[in-house]
Amino acid sequence: MAEHMKPLASRHHPLVGTCRALARGRSDGADRMLLDGLHLVIDAVHAGIHLVTVAFTARALATDEGARLAVRLADGPVELVEVSEPMMAAMSPVSTPSGVVAIAARPASSMSLALEHAPQLVVMAIDLQEPGNVGAI
């Protein structure tokens with residue numbers, strides 16, 4: 001485990017409940033979101049999304065990309081934790097967790113912000129219930 005990470009192993013830790021609530025779209029406000037997967041978290045970092053907490057499994061930290069991400073985040077204000085595989089399974093909304101989840105600040109959004117720049121194409125989806133429908137669009 002990296003020296004800048006707190007180890008967590010209990011599936012009863014409050015972080016698990018927070019991740020589950022965010023995955024269901026229920027949280028203490030609309031100001032946070034759950035990111036699941038190494039590449040999604042890396043993309044968020046590149047997009048300037050403020051990460052609050054990032055959880056890694058030892059398996060994810062053993063990869064080159066996972067280790068690079070952890071080192072990059074170690075110098076910032078983000079809380080880094082290393083979690084057990086069972087804890088990650090409880091935190092992640094996917095059936096086969098990647099080994100990295102993050103809680104991030106949700107960026108401001110509005111129709112005026114979305115249309116601020118001349119778009120090539122605008123697609124809106126409201127109240128989708130099946131993730132596959134986004135892929136179909």
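**Cores, strand pairing and salt bridges in the predicted model**

Leu-73 touches Val-45, Leu-51, Val-54, Val-78 and Leu-80, when residues up to four places away in sequence are not counted; contact here denotes heavy atoms within 4.5 Å. The structure is a predicted model, in which local features need pLDDT of at least 70, side-chain atom pairs count only at pLDDT 80 or more, and totals for chains, interfaces and linings use all residues. Residues are numbered from 1 along each chain as its sequence is written, and side-chain values use heavy atoms, with hydrogens and water left out.

Leu-73 is one of the residues that touch the most other members of the largest nonpolar core, a set of 22 residues; the others are Leu-35, Leu-51, Val-54, Phe-56 and Leu-69. A nonpolar core is a set of buried Ala, Val, Leu, Ile, Met, Phe, Trp, Tyr and Cys residues joined through side-chain atoms within 4.5 Å. Buried means under 20% relative accessible area, exposed means over 50%, and partly exposed lies in between (1.4 Å probe, protein chains only). Two or more residues of this core are given by each of β2, α2 (38-46), β3, α3, α4 (64-74) and β5, where helices (H or I, at least four residues) and strands (E, at least two) are DSSP runs numbered from the N terminus. Helix α2 supplies the largest share of this core, five residues. Apart from this core lies another, of 15 residues, among them Val-16, Cys-19, Met-88 and Val-101. In soluble globular proteins, nonpolar side chains tend to be buried together.

Leu-69 is buried, with a relative accessible area of 5%. Leaving aside neighbours within four places in sequence, Leu-69 is in contact with Leu-38, Val-41, Ile-42, Val-45 and Phe-56. Of these, Val-45 is 24 residues from Leu-69 in sequence, with a C-alpha to C-alpha distance of 9.1 Å.

Strand β5 (residues 100-105) is largely enclosed by the rest of the structure, because five of its six residues are buried. Strand β5 pairs in the antiparallel sense with β2 (residues 32-36) over five bridges, pairing being assigned if DSSP finds at least two bridges between two strands. In this pairing, Ala-102 of β5 is the bridge partner of Leu-35. An antiparallel pairing over five bridges also joins β5 to β3 (residues 51-56), and there Ile-103 of β5 is the bridge partner of Thr-53.

Helix α1 (residues 14-23) has Leu-15, Val-16, Cys-19, Ala-21 and Leu-22 as its buried residues. The cover over these residues includes β1 (6-8), β2, β3, β4 (79-83), α5 (85-91) and β5. After α1 comes Gly-25, whose phi is positive, near 80°.

Thr-57 is placed in the loop between β3 and α3 (58-61). Thr-57 is buried, with a relative accessible area of 0%. With residues up to four places away in sequence not counted, Thr-57 touches Glu-82, Val-83, Ser-84, Glu-85, Met-88 and Gly-99.

Side chains of opposite charge can pair when their charged atoms come close. With a salt bridge taken as a side-chain nitrogen of Lys or Arg within 4 Å of a carboxyl oxygen of Asp or Glu, the count comes to two salt bridges. In one of them, Lys-6 meets Glu-79, with the closest N and O atoms 2.5 Å apart. Lys-6 lies in strand β1 and Glu-79 in strand β4, so the pair ties together parts that are 73 residues apart in sequence. Lys-6 counts as partly exposed at 45% relative accessibility, and Glu-79 likewise counts as partly exposed at 32%. The side chains of Arg-59 and Glu-85 form a salt bridge at 3.0 Å, N to O. Arg-59 lies in helix α3 and Glu-85 in helix α5, so this pair ties together parts that are 26 residues apart in sequence. Arg-59 counts as partly exposed at 40% relative accessibility, and Glu-85 is partly exposed, with a relative accessible area of 36%.
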